[in-house]
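Here's a quick briefing to read with the model open beside you. Have a look at the fold, then work through the notes by topic.

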Amino acid sequence: MTFDWSVVWEARSQFLAGVGMTVFLTVATMLFAIPGGLLLAFLRLLPIKPVQWLATMFVEFFRATPLVLQIYWAYYVLPILTDLRVSAVTTALVGLSCNVSAFNCETFRAGILSIRRGQVNAALALGMGPVQLMRTVVLPQAVMRVLPSLASTWVSLFKDTSLVSIIAVPELSYIALKVRSDTYRILEVLTAMAFLYWALGFPQAKLVDWIHRKFKVVE
């Protein structure tokens, strides 16, 4: 067996472009999914049944169906139903944002519900309104409690961006598979892809471990 690692070096600009797209999708998705998840959590907690049901249906759909199916559906089926066509990158960003927002919703909702009722009653007794109560008492504590879970979601999202390669978004997996097809060097190219994912993902995983230790809540 012979190895030819020069194919990886020659395709370095393509690999770097793929890394850039992967990082972009991860960051952009989380920028949408954090406020999106928080909004869905508020909607699920509102004492208005129709709003609760709609928010719950949205969350449960994206939590209970495979992400790859959601991406396929958004890219191939939605344009047929709505006659609205967008780029593959936009479709990927929307699909990932909806999916992660659904999971972030449950993370935020659990954090909000974990705040002891006594604190809420005390704030109300002091004359705080619902908005002030949420902003000054509940949310600051809830965010600190869910921060480790959000960090774990970030790492999972970073790996899940590889799924958008099915609609030809030029992220790292798509680029690596394209280089493999062009060069027929399976071992070298896939090994390089695995190394790049590890080099980017390992520091994130260690950061999550640190966040768990730093911000864990002890009652």
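What follows is a short tour of helices, surface, contacts and salt bridges.

This is a predicted model, so treat everything here as computed from its atoms. Eight salt bridges turn up in the count, helix 7 carries a kink of about 45 degrees, and a nonpolar patch on the surface includes Trp 73 and Val 77.

- Helix 7 covers residues 130–160, and its end C-alpha atoms are only 37 Å apart.
- A straight helix of 31 residues, at 1.5 Å a residue, would span 45 Å.
- Where does the kink in helix 7 lie? Look at Leu 147, shortly before the proline Pro 148, where the bend comes to about 45 degrees.

- Val 77 belongs to the nonpolar surface patch, together with Tyr 72, Trp 73, Tyr 76, Leu 78 and Leu 81. Taken together, the patch residues have about 570 Å² of accessible area.
- Val 77 has 30% relative accessibility, so it counts as partly exposed.
- Is Gln 70 buried or exposed? Its relative accessibility is 6%, and buried means under 20%, so Gln 70 counts as buried.
- Setting aside neighbours within four places in sequence, Gln 70 touches Phe 61, Phe 62, Thr 65, Gly 95 and Asn 99.

**Gln 14 in helix 2**

- Helix 2 spans residues 12–45, and Gln 14 sits in it.
- With a relative accessibility of 32%, Gln 14 counts as partly exposed.
- Which residues does Gln 14 contact, leaving aside neighbours within four places in sequence? They are Ile 175 and Val 179.
- For a sense of scale, Gln 14 and Ala 142 are 41 Å apart in space, C-alpha to C-alpha, and 128 residues apart in sequence.

**Salt bridges**

- In helix 5 (residues 88–113), Glu 106 and Arg 109 are three residues apart, so about one helical turn separates them. Their side chains meet in a salt bridge, at 2.9 Å from N to O.
- The two partners fall on either side of the 20% cut-off for buried: Glu 106 is buried at 17% relative accessible area, while Arg 109 is partly exposed at 21%.
- Over in helix 8 (residues 172–183), Asp 182 and Lys 178 are four residues apart, about one turn of the helix. They form a salt bridge with their closest N and O atoms 3.4 Å apart.
- Lys 178 counts as partly exposed, at 38% relative accessibility.
- Arg 185 pairs with Glu 188, and here the closest N and O atoms are 2.7 Å apart. Arg 185 counts as partly exposed at 23% relative accessibility, whereas Glu 188 counts as buried at 2%.

Note on methods. Residues numbered from 1 in each chain as written. Predicted model: local features only at pLDDT ≥ 70, side-chain atom pairs only at ≥ 80, totals over all residues. Heavy atoms only, no water. Patch = residues over 30% accessible without salt bridge, like charges linked within 9 Å, V, L, I, M, F, W, Y side chains within 5 Å. Areas by Shrake-Rupley, 256 points an atom, 1.4 Å probe, with all protein chains shown as cover. Salt bridge = Lys/Arg side-chain N within 4 Å of Asp/Glu carboxyl O. Buried < 20%, exposed > 50% of the residue type's maximum accessible area, 1.4 Å probe, protein only. Helix = DSSP H or I, 4+ residues; strand = E, 2+ residues; numbered from the N terminus. Expected span 1.5 Å × (residues − 1). Bend = angle between axes of the 7 residues up to and from the residue. Contact = heavy atoms within 4.5 Å.
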